[in-house]
Amino acid sequence: MSTPMIVLPLLSKLKQLPDLSALIEEYVDIFNYGLHQPKTKTVQHEIHLSDPHKKIMLKPYSLNPHLKEVMYEQVDEMLSAGVIEPSTSSYCFPVVMVSIDGKKPRFCVDYRQLNQITIEEPSILPKISDTLKDLGNATIFSVLDLKSGYWQAPLHPSSKQYIAFSTPEGALYQFTVMPFDLRNAPGAFQRLMTNEVLCGYLNNFDEVYLDDIIIYSPNLETHTYHLRLVYERLRIHGLRISPEKCQIATSEIDYLGHHISGNTILPQKKHILAIHDFPTPKSKKQLQTLLWLDRYKDSKSKLTRWALLLQEYSFDLRHCAGKDNELPDFLSRNPENKTFNIQDIDNERLLPPGSNSNITGPECVQVNNISHMNLFENVANAQRRSLPLRRKVSKWKRIHFKSHKNLSEQRFLDSYAVHEEEDLLYKRCRLSEKLVVPRAFIQAVIAFFHDNSENAHPGRDDTARQISRRYYFKNLHKTVGPYNTSRRGKKYILYVEDVVTKWVEADAFSEVDSKTIIKFLKYEVFSRFGVPQTIISDNGPQFRSKIYKKFSQDYNFNLLFVPIYHQQSRPVERRNQELKKVLRTLLLDKPEKHWDAYLPEALRILRTRRNAATDVTPAMALLGYDLPGAGEWNLPSYKSERDLAESKSCEERIHNIKIHQDEKDILTRQNYLQSFLMWETQL
């Protein structure tokens with residue numbers, strides 16, 4: 001059998017590599033797609049509508065003579081290839097020809113109204129940066145491009161009617177394959193490639209991003225074997241490659257906008273040059289050319305053509321008015337050529353001014369005191385961004401519209417509810433339905449019910465009870481409750497911090513009552529640092545008891561309590577969260593019940609971290625030197641650093657801390673005043 005003409009240019013490039021040339025001739029069928037559009041038999045794409053009875057009939061858009069001629073040419077080509085067929089559907093959508101610089105206008109169909117009623121199938125495309133990282137130490141690369149990739153996925157017969165389109169003269173056609181402009185098209189094609197075609201090969205020697213496949217290997221012999229495996233999978237699933245776009249067995253390759261050469265991955269030069277050579281705008285008109293969305297405007301509808309290119313993806317664009325976000329709005333209009341170290345940001349002392357500040361006005365609310373309605377909206381928005389919960393919503397809708405349901409599907413349907421007007425997932429309980437909280441937002445919900453002013457810092461059971469009235473997440477009581485009891489019977493952490501130096505002391509206990517607190521203060525704090533002038537605590541009953549008050553009188557220190565309307569003002573609140581994060585890090589891949597054994601190491605880490613409020617570590621602020629690590633005593637640099645640190649007196653260290661804090665206060669006031677003036681001007 002003679003070799004098809006279409007692969008001859010590719011074979012000529014590989015004439016020095018006979019094994020690879022023979023491999024292409026062996027699998028020549030996957031390169032030879034002929035005149036008819038190839039289609040896989042592995043899957044059929046289905047379209048599910050939230051309202052199947054709603055019919056959409058839109059009139060064709062007008063086109064200029066040139067675009068109309070190009071459109072008819074492409075319609076004839078698609079008819080000949082079997083991509084489209086005549087239709088009698090009760091749905092109809094208009095054609096739009098999208099102009100692309102230097103290329104033939106692209107045939108598109110305006111499916112925006114169809115996409116709005118299409119049930120979303122949650123999916124996520126791989127990050128390009130992660131895909132490139134997986135290439136490791138490979139030296140040989142090949143890139144395969146599927147010929148009109150989406151069109152190789154056929155449509156289910158029941159879905160063809162939904163995507164009919166009309167030409168200006170009124171002819172009606174429908175696609176037989178998955179067009180590019182559908183809402184779920186990218187996710188469906190990515191699932192085909194990852195779950196079916198290349199399953200088992202990904203992250204080993206192969207990566208895929210939609211219809212672009214890259215094969216990477218450490219040497220040529222292994223690469224030939226890897227190519228054979230991929231070719232065989234493509235043959236099994238009936239997929240075809242575009243030979244003119246293939247790059248086979250090369251040490252340098254262009255892939256997903258990057259140039260790959262050995263261990264070096266850089267942006268392609270053409271992209272860098274395009275930015276570098278862009279002329280500096282010298283007039284308002286030239287400046288408008290930088291607004292890259294502007295090129296897609298037409299006289300009929302703003303941004304229509306750009307919207308067509310984006311309609312395959314599911315996202316919302318929302319404008320936030322400057323009056324509701326004063327500080328970012330002010331900074332965006334008044335940039336300064338001043339750089340800041342991210343470590344200099346002090347979350348304890350600097351709160352962004354704005355509509356959440358103490359400015360009086362009808363639209364202002366208190367910081368950290370959001371309403372229940374705001375909490376509901378925040379949870380709802382978080383749920384809409386949660387991929388696992390969006391999958392559950394789509395699953396519920398599919399089952400709900402099915403005429404026949406098995407036992408498992410019926411149980412799922414009875415366990416959850418989806419309100420069409422909100423498109424949110426609720427958990428069905430005995431007497432009510434509760435909004436499902438995404439895993440990433442659970443701690444925010446707990447913080448609201450535990451720290452909110454109207455709740456007055458309730459205990460574990462009461463916090464869980466209040467949450468369970470409106471919201472649902474798995475293991476609620478376990479999540480809200482204290483630490484899991486350790487093997488030594490410990491389940492609470494008592495935490496003390498010096499508000500000036502940020503030095504921390506902590507220990508684990510099985511119970512925390514007034515006697516336990518008194519014993520800890522006497523033997524772990526007072527015995528080392530002396531009796532403080534003032535102790536600030538929360539409003540727990542342990543700190544309000546008669547025995548604790550008598551203890552304060554005996555040792556002659558003042559008692560202060562955090563205001564119940566703002567628990568976040570507790571000095572140790574932030575450090576408490578940091579301690580939990582450090583413990584979780586230390587306990588990775590270790591039994592959770594050993595958490596109390598890692599508490600001393602967690603304290604050492606906190607004491608050696610630079611604090612933004614003091615600009616030094618707690619150890620340096622209190623002791624005058626940083627705590628040495630293993631073997632640091634033997635380093636000359638550490639000895640010189642310690643000698644320099646010890647030369648400063650305690651008074652000098654405290655003076656420097658106060659200067660740093662004063663500078664922070666001045667910056668806070670300046671930002672607050674600037675934002676206030678901006679807010680007042682907008683009023």
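**Contacts, cores and a helix pair**

Trainee: Which residues is Ser166 in contact with, leaving aside its neighbours within four places in sequence?
Mentor: This is a predicted model, where local features need pLDDT of at least 70, side-chain atom pairs count only at pLDDT 80 or more, and totals for chains, interfaces and linings use all residues. Residues are numbered from 1 along each chain as its sequence is written, and side-chain values use heavy atoms, with hydrogens and water left out. Contact means heavy atoms within 4.5 Å. On that basis the partners of Ser166 are Leu58, Pro60, Cys92, Phe93, Val95, Ala171 and Leu172.

Trainee: Is Ser166 buried or exposed?
Mentor: Buried means under 20% relative accessible area, exposed over 50%, and partly exposed in between (1.4 Å probe, protein chains only). Ser166 has a relative accessible area of 4%, so Ser166 is buried.

Trainee: Which residues have the most contacts inside the largest nonpolar core?
Mentor: Such a core is a set of buried Ala, Val, Leu, Ile, Met, Phe, Trp, Tyr and Cys residues joined through side-chain atoms within 4.5 Å. The largest has 78 residues, and those with the most contacts inside it are Phe107, Leu144, Phe175, Tyr231 and Leu234.

Trainee: How are H18 and H20 oriented to each other?
Mentor: Helices here are DSSP runs (H or I, at least four residues), numbered from the N terminus. The axes of H18 (residues 514-529) and H20 (residues 546-555) cross at roughly 25 degrees. Angles under 35 degrees count as roughly parallel, so H18 and H20 are roughly parallel.

Technical notes. Axes are lines fitted to C-alpha atoms, for helices over the stretch in contact, and angles run from 0 to 180 degrees between N-to-C directions. Helices (H or I, at least four residues) and strands (E, at least two) are DSSP runs, numbered from the N terminus. Angles under 35 degrees count as roughly parallel, over 145 as roughly antiparallel, 65 to 115 as roughly perpendicular and the rest as oblique.
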